[in-house]
Amino acid sequence: MSTEIIAKKVLGELVKKSGFPYSVDNIITIFHNRDGKYNNKRLGSLLAQLFKPIPNGGKYVELYAPANVKESYSAMVMVMNRYATDLKNAHTEKTNSVRQQQEERPPPSQPVAKSDPIAAIGAEPVHKRVSLFESPPLSSTRIIPDQVTPENVQEIKEKLVQATSGGAASARLSSSAALPPGGIAATYQQNRPYFEFSHRKAPIVAWNFNYDELYPLQSKTNVAAIPVASQEPIVLKEVLNCLIGVKGSLIVPKKSVARFDDGLLPMVEFQLSNQLTDSCRDMVVEVLPLATNFACVQQFIEESSILEGGVVLQALRSVLKSIMTDYFLSIAQLDDLRCRKGLSLQRLLQFLKPVFPTMEELAATVAEIRRTNSRGGQVLTLLHDRITATSGTNQTQRVLVHLIESAAVPFMEMLQLWIYRGVINDPQQEFLIEHSAMELTENELVDYWEKQYTTRCEKVPCFLAKYADIILRTGKYLNVVRVCSSADLQSARNGMDTVCVPQDDTRPLLRYKHFDQSYIDAIEEAYNVASSSLLNLIMNKYDLMGRLLSVKRYFLLQQGDFITEFMDAVEEDLKKNVDSLHPIRLANLLDVTLGLSSAKYDEYHDDLKTMLLPYGIVTQISKIVNNEEAFVDTLSDTSQLKGIECFTFTYKAQWPVSIVLNLWTISKYQMIFRQLFYLRYVERILCRAWIANNETRRFAPNPAKLYRSAFTLRQKMLIAIQGFESYMMIEVIEPNWHIFYQNMKQVKNIDDVLNYHQDFLDQCLKNCMLTVPDLLKPIINLCNICIKFCDFLANATSMEPTETFSERVEQFRHDFTNQLMTLLRKITDVATLSTSERFINLIYRINFNSYYSEGNEN
C-alpha cells in the first residue's frame, strides 16, 4: 500500500480521536504548503494537536521538528507511516501475549448450546452492529418496570454493579435489539442527500420530539382524579419537559407545516389533554410558543449538521448550539427550583417572559434561512437585514449581533486569505469571489483579466457590497504578481509590506464587528498595497510605457522612415490577390525593413509581426461593433480581396504586459493602422501618377489640354486623401495620445491604466469614423475610386488623347464628387448630434469655403 494512502488513513483516525476541526484533505493541503503560508513552527503545533490524545505522541512531533518547510508534506507522511508501524508492532505484541496466556490456561467447559442474543448480534453485519451501539434516546414516557420486592433487591444491586463495571454494552445491546423496525439501525444506513434544507431529515436521536418512532407511549397520567391543587406540579413537569423537546402525555406534539410564499416548512404544534383545568390550560398555552420556537431552532441545528452546508452555516450552528446550551441550563435551574417546590406556573411564566422575544427571533431567523436555502454570504446578508429591521428588545438585537459576528468568522478568514494572499479556500462555493481555472494561452489572455476571477453577486454580504469590486481587484493584483514570480511586493509607504504579506504569527485577524467597521480600513489598505505593487511591477520592471510607445510607432505610423521603406518593399506584393501572397515573405521583408530603418534602435521591435486577415476593414469594424472576436480567423471568401485590403501588423506582448496589450486591444490598433495604411497607400499611388503624367509634355499643346481635367481631378483626390490622413494623425491621434500620456503619470492601479488606455483607443476610433460603418464605407469607396483612376491614367498616357478619354475622366470626376458629397453630408449629420468638434474640423479641411457644396449647386 502506498505510504501516502497509509498516511491519509492514519490522519483520519487521529482527527477522530483528537476532535480536530479540520478535515483530512484540509490538513494535507496545509502540509503541502504550496504558497509558503505556514512556517515549520506552526505545522509542528498542528501536528502536536493531532497527537495530543496519543500516549507518547510527543516523540512523533519531535521526529517532525527537524524537517524543512519545503519538505513539510513528505516529512508528515514519514511521521504518519512511523506511527502506523508502531501501532502495528504494538498490536502484534499484544496479540502474541494474549495467545500465550490462553495457551497456559486450561480450556473452560463448553456450556449447553442455546440461543445467545449477544452471539447473534456478533454474527450480524458490522455496520448494523455499530448502529446498535448508539445510545438510545431519552424518553419522557415512564416505562413501568417489574414489581420491586425484597427478594429481587439483591438482583437489582448485581445488575447495577455489572452495568457500572463494563456490562453496560451488553445491556445496551439487548435493549436495542428489541427495537421495532425503522429504529436506529434503519436510520443509520440511509444515504445523505445533497444539501438542501427541504431534503434534510432530522436525526432520530435528538431532543426535538422525535421519540414516537422508537418508544411508543406505554402509560398516560390520569390527572382527572387528582385534586386541582395537586395537578400543577404534574403539569409543571410536563411543561418543563416540553420546553426541552421531551414528549409528554398531557402535552402531545403534533407535526404540521407552515405555509410560505416559496413552499412549506415543518413545524410543531401541541395538543393538550382534556384533563387539564381551564386555568392550567390557559397558562400552558402561553408557554407553548416558546417550545414551538425552540423546536424550530433545534431542527435547524440538526439539519445543518453536514459539511455540504458550508462553513458559514456550520459557524452559525455552533453559536446556536451554545445559546441552546445556556437555554438548557436555565430550564435545568427551573426544574431544580420545581423539585424544591419553589416554582409554579405563574412564576415559570414570569421567569420565561424575557426569553420569549429572543427565541422567537431566533426561530424566525432560522426559518427564513431554511425557506430561502441561504448559504455563505447570503446568510450574513439575511442576518444583517434582520438586525436592521428588528423591533424587539435590546437583548434580541444583541443576540442577533452575536450570531452574525460568530457566523462571519469563517467568511472573514476566507476574505483575509484572498486580500492578503490572493488565494481562495472555498470548498463549498460560498465565498463572494469565484475562480474559473484558465490556462494563460494566447487565445485566452484576452479573457484572463475579466473572466479568471469574477464576483458572485448573490454571495456578497450586504455590508461588503460597496467594496466587492475593491476586494475582487485586490486578489487579482496579487495573483498577477504571483504569476510573474515576484516575491517581493513593493509597498506604497514604509512598513506596508507587513500588512500585505505579514508573517503568520503577526498577521492581524480580520473580524466582522457590527458596530465597528475597522475591517473596511484593512480591506482598503490591502487594496492600496496590492495595486501599487502590481503597478510598479508592470510600469518599472516590464516597461509598459516603453512598449506602448513602440506600438504607437508602428500602428499609428509615427515611425515615418520605417513606414516609407516598408511600403517600398511590399507595395508590389500588396497589389496581388491575398490568396497568392506568402506570409513568410512579408515577415522577411518586415525584418529587413526594421534592420534598415531607425526602428532597429527600438528594443521591442522584435514583438512586431505581420498578419493577413481574411476580411476587409469594414468587416472587422462590424465584428468589433457587434462584440465578436475580430482577431480570430474565420472561413470567408477572399477571392476578391487584394493584399492591401487584408494586410495589418500584430504585436506579441508578453505577460503581464498582455493584460494591457491583449488581443482585443491590438485589434483596435489594427483598425486604426489599416485605415491609415490604406490612405498612405492611395496617397503614394496619386503621387506616382503625378510623376507619370509628366510624359504629357511631349504632346502637342492642343491635345495636352484634354489632360487638364484629369490633372485637376487627380489633385482634388490627393488633397482629399491627405486631408483625411492629416485629420486622423494630427487632430485625433496626437491630442488623445497627449491626454493619455498625462493620465498615465497619475495612475494608482492597473485598472486605471486599462481604463485610460481603452478611453484613448475608443476616442481615436470614434473620431476617426471607424465605429460607424456608414461613415467608413464612403471613405473606402473614395480610396477605391482613386486607385481605379490612377490605373486608368497609367494606361491612358501611352496613347493619343481622344474624346473617349475625356468622357472617362468626367465619369471619374462625377463618381468622386458624388461619393465625397455623400460622405460630407453624413459627417455633418453625425457632427450635429455629437459634441465633438473634430468632425467639423474635417469638414473644413475637405470642403474649404464650401467648395463642394457650392460647386454641386452650380
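Trainee: Where is the kink in helix α22 centred?
Mentor: On D568; α22 covers residues 560-574 and kinks there by about 40 degrees. The bend is the angle between axes fitted to the seven residues ending at a residue and the seven starting there. Keep in mind that this is a predicted model, where local features need pLDDT of at least 70 and side-chain atom pairs count only at pLDDT 80 or more. Residues are numbered from 1 along each chain as its sequence is written.

Trainee: And which residues of α22 are buried?
Mentor: F562, I563, F566, M567, V570, E571, D573 and L574. Buried means under 20% relative accessible area, with a 1.4 Å probe and protein chains only.

Trainee: Switching topic: at what angle do the axes of α18 and α20 cross?
Mentor: Roughly 40 degrees, and the axes come within 9 Å. α18 is residues 468-483 and α20 is residues 518-541.

Trainee: Which residues of α18 and α20 meet?
Mentor: From α18, I470, I471, R473, T474, Y477, L478, V480 and V481; from α20, I523, A526, Y527, A530, S531, L534 and L537. Contact here is heavy atoms within 4.5 Å.

Trainee: How does that contact split by class?
Mentor: Twelve nonpolar, two polar and one charged residues.

Trainee: Zooming out, how many helices and strands are in the protein chain?
Mentor: 33 helices and six strands, counting DSSP runs of at least four residues (H or I) for helices and at least two (E) for strands. Of its 858 residues, 47% count as buried.

How values were computed:
Side-chain values use heavy atoms; hydrogens and water are left out. Axes are lines fitted to C-alpha atoms, for helices over the stretch in contact, and angles run from 0 to 180 degrees between N-to-C directions. Ala, Val, Leu, Ile, Met, Phe, Trp, Tyr, Cys and Pro count as nonpolar, Asp, Glu, Lys and Arg as charged, and the others, Gly among them, as polar. Buried means under 20% relative accessible area, exposed over 50%, partly exposed in between (1.4 Å probe, protein chains only).
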